[in-house]
Amino acid sequence: MMKTGMVKTKQRELIIAAVQGSRTHPTADEVFQSIRAQLPTISLATVYRNLGILSEQGVIRKIEIPDGRDRFDCCLADHDHFLCRSCGRLWDFQLAHPLVELIPPETGFQVQDYALVVRGTCRECAAASPGAEGSS
Ligand SMILES: [Zn+2]
Ligand SMILES: [Zn+2]
């Protein structure tokens, strides 16, 4: 019984480390792939479950992607995300003005949190794709 608890702790540590060790906001599947070598007995379902628990606990942050798979972020500070449709990478960025300040005060909305995922083509992909500047 003691052992089960230790295995669970170990699993969780590896999952946190996998999210922290990636700057690309990994999916549950990518976390699973990256820790499988160290923990061959772990299942994808276990990774999913632990990622859910950790994001509920506020240890990591879950980013829901419309029409896509959830991504996980170790950076809990306020920031927003840009999803590149070409390479699939999720980039961090900071809005020039906090979004909540753009909500008209007359709405009376009291904002608790929000999630913003902007989609398009990242700078690297735009630079790599010919015709992006209208030359085609
Ligand atoms: Zn890209
Ligand atoms: Zn992020």
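This is a predicted model: local features need pLDDT of at least 70, side-chain atom pairs count only at pLDDT 80 or more; totals for chains, interfaces and linings use all residues.

**Domains.** I looked up where the chain divides, and found domain 1 at 1-74 and domain 2 at 77-129. I then checked how far apart they sit: their C-alpha centres are separated by 24 Å. Seven residues from domain 1 and six residues from domain 2 make up the contact. I sorted the domain 1 side of that contact by class and got three nonpolar, two polar and two charged residues.

**Overall shape.** How does the radius of gyration of the chain stand against that of a compact globule? I read 18 Å for the chain, while a compact globule of 136 residues would come out near 14 Å. Along the principal axes, the C-alpha atoms take up a box of roughly 60 × 45 × 20 Å. I also looked at burial, and 13% of the 136 residues count as buried. On contacts with a separation of 6 or more, I noted that 48% are between residues 24 or more positions apart.

**Order of elements.** I found four helices and five strands in the chain. Reading along the sequence, I wrote down α-α-α-β-β-β-β-β-α.

**Helix H2.** I picked H2, residues 28-35, and asked which of its residues are buried. My list is Ala 28, Val 31, Phe 32 and Ile 35. Why do they lie on the same side of H2? They cover an arc of only 100 degrees around the axis, and that puts them together on one side. A reminder to myself: an α-helix has 3.6 residues a turn, so residues three or four places apart point the same way.

I traced the pairs one by one. Phe 82 has Trp 91 in S4 as its bridge partner, and Leu 83 is opposite Leu 90 in S4. S3 and S4 make a hairpin, with five residues between them. In that turn I noticed Gly 88, whose phi is positive at about 80 degrees. S3 also pairs with S5 (residues 117-120), this time in the parallel sense and over four bridges. I found Leu 83 again here, standing opposite Arg 119 in S5.

**Cys 125.** My last stop was Cys 125, which I located in helix H4 (residues 123-128). Why does Cys 125 count as partly exposed? I counted 16 other C-beta atoms within 10 Å of Cys 125, and a residue needs 20 or more to be buried and 12 or fewer to be exposed, so it falls in between. Setting aside neighbours within four places in sequence, I found Cys 125 in contact with Cys 84, Ser 86 and Cys 87. I checked one of these, Cys 87: it is 38 residues from Cys 125 in sequence, yet the two are 7.1 Å apart in space, C-alpha to C-alpha.

Terms used
Residues are numbered from 1 along each chain as its sequence is written. Chains are lettered from A and ligands numbered from 1 in the order in which they are written. Domain bounds come from an automatic or database domain assignment. Two residues are in contact if their C-beta atoms, placed from the backbone, lie within 7 Å. Ala, Val, Leu, Ile, Met, Phe, Trp, Tyr, Cys and Pro count as nonpolar, Asp, Glu, Lys and Arg as charged, and the others, Gly among them, as polar. Two strands pair if DSSP finds at least two bridges between them. Helices (H or I, at least four residues) and strands (E, at least two) are DSSP runs, numbered from the N terminus. The arc is that of the directions from the helix axis to the C-beta atoms. The radius of gyration is taken over C-alpha atoms; the globule rule is 2.2 Å times the number of residues to the power 0.38.
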